[in-house]
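Work through the exercises below with the sequence and the model open. Each task is followed by a solution in steps.

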Amino acid sequence: ETLTITTLLFIAFFAYQNFRWGLTSAIPKDDEARLKFYCSECLTRLKDTLAGSDIQQVESESLCLADERRLAVIDGKVKLGDELLATLGPRGSLHFERLSDTGLMVTIQAQESEKSHRIALRLEVRYLCP
C-alpha cells in the first residue's frame with residue numbers, strides 16, 4: 001500500500017515536471033529553444049517554398065513571386081499570400097537581399113521581448129526582373 005502511494009506520487013511529480021518544462025510539447029517552453037525552433041521551422045519552409053522559384057520583385061522585407069503572391073512577415077507570422085508558413089514571435093522579421101543573378105540571401109530573425117535568434121540562408125532562384 002505504501003509502495004503504491006509512493007509510486008503514484010512519483011508519477012504525479014514527473015507528470016507535473018513534464019508539463020512545467022514542456023518536455024513533450026511540440027513547441028519548446030524555454031525561450032532560447034523556442035526561438036531556435038521558430039528559426040529552424042521557418043528555414044525549412046522557406047527552402048521548400050523558394051528554392052528554384054521565380055521571383056518577380058525583391059524588397060528588403062518582402063518579395064513577390066511570379067504568381068503574384070507576396071512573402072512577408074505580418075505581426076510575427078511569415079505569410080505567403082494568405083498561407084501561414086511559420087511563426088517568428090511578435091517582433092520577428094525577414095530580410096531579403098539579392099546577391100547575384102541567381103542568388104537570394106534570406107536572414108531570419110525570431111524575437112520575443114529582448115531575446116532573439118538569427119540565421120541566414122542562401123537560395124538559388126530565378127529573377128524575372130533585371
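**Exercise 1. Aromatic pairs**

Find how many aromatic pairs the structure holds, and classify those in helix H1.

Solution. The structure holds 3 aromatic pairs. Rings of Phe, Tyr and Trp (its six-membered ring) pair if their centres lie within 6.5 Å; planes under 30 degrees apart count as stacked, over 60 as edge-to-face and the rest as tilted. Phe 10 and Phe 14 have ring centres 6.3 Å apart and planes at 15°, so this pair is stacked. Both residues belong to helix H1 (residues 2–21), where they are 4 residues apart, about one turn of the helix. Helices (H or I, at least four residues) and strands (E, at least two) are DSSP runs, numbered from the N terminus. Next take Phe 13 and Phe 14: with 5.3 Å centre to centre and 70° between the planes, they form an edge-to-face pair.

The model is predicted: local features need pLDDT of at least 70, side-chain atom pairs count only at pLDDT 80 or more, and totals for chains, interfaces and linings use all residues. Residues are numbered from 1 along each chain as its sequence is written, and side-chain values use heavy atoms, with hydrogens and water left out.

**Exercise 2. Accessibility**

Decide whether Phe 13, Phe 14 and Ser 53 are buried, partly exposed or exposed.

Solution. Buried means under 20% relative accessible area, exposed over 50%, and partly exposed in between (1.4 Å probe, protein chains only). Phe 14 has 53% relative accessibility, so it counts as exposed. Phe 13, at 43%, counts as partly exposed. Ser 53 is buried because its value is 12%.

**Exercise 3. The surroundings of Ser 53**

Locate Ser 53 and list what it touches.

Solution. Ser 53 sits in the loop between helix H2 (31–50) and strand S1 (54–58). A polar atom of its side chain lies 2.7 Å from the backbone oxygen of Leu 50. Leaving out residues up to four places away in sequence, Ser 53 touches Leu 65, Val 125 and Arg 126; contact means heavy atoms within 4.5 Å.

**Exercise 4. The partners of S1**

Which strands pair with S1, and in which sense?

Solution. Two strands pair if DSSP finds at least two bridges between them. S1 and strand S9 (residues 126–127) are parallel, over 2 bridges, and Asp 54 stands opposite Arg 126 in S9. Strand S2 (residues 62–65) runs antiparallel to S1, joined by 3 bridges, with Ile 55 opposite Leu 65. A hairpin of 3 residues connects S1 to S2.

How values were computed
A polar contact is a pair of N or O atoms within 3.5 Å; within protein, one must be able to donate a hydrogen and the other to accept it, and residues adjacent in sequence count only if both atoms are side-chain atoms.
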